[in-house]
Amino acid sequence: MSLFIGIDPGISGALCAIDSKTREVSFWDTPVVTIRSGKTFKNTMDCHTAMRILQSLDRSDGILVTIEKVNAMPSIPGPDGVARSMGATSSFNFGMNFGMWIGICAASELAYQLVHPATWKAALMKDMGREKDASRVKAMQLYPYTAKDLARKKDHARGDALLLAHYGMVFGSGVQAQKVRKPVMEDAPSESPLLFGGSSVSMKKSREVEEDDGMPEF
């Protein structure tokens, strides 16, 4: 396995890819579209573009995607002592983005793992503070040539995504990477296409899956 992906699944999140052979690092901010919601407008994740990003990556040597396992923000007292938590609508949207990334990985037949923030931060950020900027600083320490892509304070999501990808590369996963062969046609005439999304694809009744050991190579 040579390509490791990290995903911060928030609406202001990011995706990062690390090629373990060349150490090349690539970033994408979460693609969004603006839609009308009542009398206002809001951003929502563009799942079609997100899928195209993942499916455009070279998977010849295997890919492991590490997605941050997020939860709704608990009620936390602010500086004034008033407890604040994520609202119901925000929690629903947050969870929906998280679920869409899982669905995209499953639909794209990519091996993925879910890692809680406390887990990857304990492994990679023991010497860092708890502020949002800490992940951005740590990412630049590990990959100093990414500084230009992490220059803004709002790039902390890119920092999180990079560290998630790094976590997957260094610590691996129990997930078995799968190499999917071309589906075998059985009892379905090749001249009987099923039209889907404007493309003609043959009907398929079975699929062979070949597994490798799923462990990263360094």
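Buried means under 20% relative accessible area, exposed means over 50%, and partly exposed lies in between. The legends below use these words for a predicted model.

**View 1. Overview of the chain in the predicted model.** The chain has five helices and 13 strands, and buried residues make up 37% of its 218 residues. Of the contacts in the chain with a separation of 6 or more, 60% are accounted for by residues 24 or more positions apart.

**View 2. A salt bridge between D29 and R158.** The side chains of D29 and R158 meet in a salt bridge, with 2.9 Å from N to O.

View 3. A network of salt bridges links D29, R152, D155 and R158. Within this view R152 forms a salt bridge with D155, and the closest N and O atoms of that pair are 2.7 Å apart. R152 counts as partly exposed because its relative accessibility is 38%, while D155 is buried, with a relative accessible area of 2%. By the rule applied here, the count of salt bridges in the structure comes to eight.

View 4. R136 forms a salt bridge with D133, and the closest N and O atoms are 3.0 Å apart.

**View 5. The crossing of helix 3 and helix 5.** Two packed helices are described by the angle between their axes and the distance between the axes. Here the axes of helix 3 (residues 117-124) and helix 5 (residues 156-171) come within 10 Å and cross at roughly 75°. Angles of 65 to 115 degrees count as roughly perpendicular, and helix 3 and helix 5 are therefore roughly perpendicular to each other. On the side of helix 3 the contact involves T119, W120, A123 and L124, which meet D160, L163, L164, H166, Y167 and F171 in helix 5. Sorted by class, the contact of helix 3 with helix 5 has seven nonpolar residues, two polar residues and one charged residue.

**View 6. The aromatic pair of Y143 and Y145.** A pair of aromatic rings is described by the distance of the centres and the angle of the planes. The structure holds two aromatic pairs. In the pair shown here, the ring centres of Y143 and Y145 are 6.1 Å apart and the ring planes stand at 90°, so the pair is edge-to-face. Y143 counts as buried, at 1% relative accessibility, but Y145 counts as partly exposed, at 43% relative accessibility.

**View 7. N97 and its contacts.** N97 lies in helix 2 (residues 88-107) and is buried, with a relative accessible area of 5%. When its neighbours within four places in sequence are left aside, N97 is in contact with P9, G10, I11 and M45.

**View 8. R23 and E109, two residues with a positive phi.** Most residues other than glycine have a negative phi. R23, although it is not a glycine, has a positive phi of about 65°. R23 is found in the loop between strand 2 (14-19) and strand 3, and it counts as partly exposed because its relative accessibility is 35%. E109 is not a glycine either, and its phi is positive at about 55°. The loop that holds E109 runs between helix 2 and strand 9 (111-115), and E109 is partly exposed, with a relative accessible area of 34%.

**View 9. S60 and S2.** S60 is found in the loop between helix 1 (47-55) and strand 6 (63-68), where S60 is partly exposed, with a relative accessible area of 48%. Along the chain S60 and S2 are 58 residues apart, and their C-alpha atoms are separated by 8.9 Å.

Notes
Residues are numbered from 1 along each chain as its sequence is written. This is a predicted model: local features need pLDDT of at least 70, side-chain atom pairs count only at pLDDT 80 or more; totals for chains, interfaces and linings use all residues. Side-chain values use heavy atoms; hydrogens and water are left out. Axes are lines fitted to C-alpha atoms, for helices over the stretch in contact, and angles run from 0 to 180 degrees between N-to-C directions. Helices (H or I, at least four residues) and strands (E, at least two) are DSSP runs, numbered from the N terminus. Angles under 35 degrees count as roughly parallel, over 145 as roughly antiparallel, 65 to 115 as roughly perpendicular and the rest as oblique. Contact means heavy atoms within 4.5 Å. Ala, Val, Leu, Ile, Met, Phe, Trp, Tyr, Cys and Pro count as nonpolar, Asp, Glu, Lys and Arg as charged, and the others, Gly among them, as polar. Rings of Phe, Tyr and Trp (its six-membered ring) pair if their centres lie within 6.5 Å; planes under 30 degrees apart count as stacked, over 60 as edge-to-face and the rest as tilted. Buried means under 20% relative accessible area, exposed over 50%, partly exposed in between (1.4 Å probe, protein chains only). A salt bridge is a side-chain nitrogen of Lys or Arg within 4 Å of a carboxyl oxygen of Asp or Glu.
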